[in-house]
Amino acid sequence: MKYKRILLKLSGEALMGQQQYGIDAERLMQYAEEIRAVAATGTQVAVVIGGGNIFRGVQAEAFGLDRVQGDYMGMLATVINSMALQSALEKLGIPTRLLSGVTIQRVCEPYIRRRALRHLEKGRVVIFGAGIGSPYFTTDSAASLRAIEIEADVVLKGTRVDGIYSADPEKDPTAVRYPQITFDEVMEKNLNVMDMTAFTLCKENNLPIIVFDMNKEGNLQRLIDGDMVGTLVTMNGSASGFDSKHSSLQPSVQNTSAEQA
């Protein structure tokens, strides 16, 4: 079983690869290959990318810049990353459309919900750039909002860790990974999954979230195939937490030996 339509959230920082800044060509093509494999299964794919490898809006104040201006600069950074991913996908022969929350007619289409749905129905990968087009909202919020608008079955948040932990696994070796967890438990434990606005949007709309390691080759495909990869966040903390809309699309809850290891 697989998902019919997904929203994949990628971080801009991940595009740096081993670099300190900018876009690593090898990492970019890896992501493009992963998305191509999923799109080939018939799953409709929408993508939101952050811009932290170029500029983050919250950095503006540290530079003495106006926060609103800084956020718009961050939005433009996400458009640059989106353009790069679009080019990589088209290089692999995948039809792709870039829709922007900020009007930039020369390089992308303005975001219109019906247009986005039409592109997805035609089998095109849709990339949402420039966040939601307003300051003070993160790309996590953009991912949650766009996923709800296009009626995605799940938000897949690709990170560099293999799920949600009780603490930062890069700093605390005793941190424990949760294979499944509820929205309420995430909030009670104050776990860092998404910013609160984005997370609340998903919770209120009963939209499942899966946090997984995007840098491990094949993980995205495994999720679509139904393997339990990363951490699943639902209303009751299990695959049975999907509402009727998702009931025919829910993944298997069986862990592979690799995940258990």
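**View 1. The largest nonpolar core of the predicted model.** Of the 35 residues in the largest nonpolar core, those touching the most other members are L8, I35, V47, L85 and L156. A nonpolar core is a set of buried Ala, Val, Leu, Ile, Met, Phe, Trp, Tyr and Cys residues joined through side-chain atoms within 4.5 Å; buried means under 20% relative accessible area, with a 1.4 Å probe and protein chains only. Elements giving two or more residues to this core include strand 1 (5-10), helix 1 (25-39), strand 2 (44-49) and helix 2 (67-91). Helix 1 gives the most, five residues. Helices (H or I, at least four residues) and strands (E, at least two) are DSSP runs numbered from the N terminus. The model is predicted: local features need pLDDT of at least 70, side-chain atom pairs count only at pLDDT 80 or more, and totals for chains, interfaces and linings use all residues. Residues are numbered from 1 along each chain as its sequence is written, and side-chain values use heavy atoms, with hydrogens and water left out.

**View 2. Surroundings of L8.** Neighbours within four places in sequence aside, L8 is in contact (heavy atoms within 4.5 Å) with residues including I35, V47, L156, F212 and L220. A second, separate core has 31 residues, among them L7, L99, V155 and V186.

**View 3. Helix 1 packed on helix 2.** The two helices, helix 1 and helix 2, pack at an angle of about 60 degrees, and their axes lie 9 Å apart. Axes are lines fitted to C-alpha atoms, for helices over the stretch in contact, and angles run from 0 to 180 degrees between N-to-C directions. The angle makes helix 1 oblique to helix 2; angles under 35 degrees count as roughly parallel, over 145 as roughly antiparallel, 65 to 115 as roughly perpendicular and the rest as oblique. Helix 1 contributes L28, M29, A32, I35 and R36 to the contact, and helix 2 contributes A84, L85, A88, L89 and K91.

Technical notes: Buried < 20%, exposed > 50% of the residue type's maximum accessible area, 1.4 Å probe, protein only.
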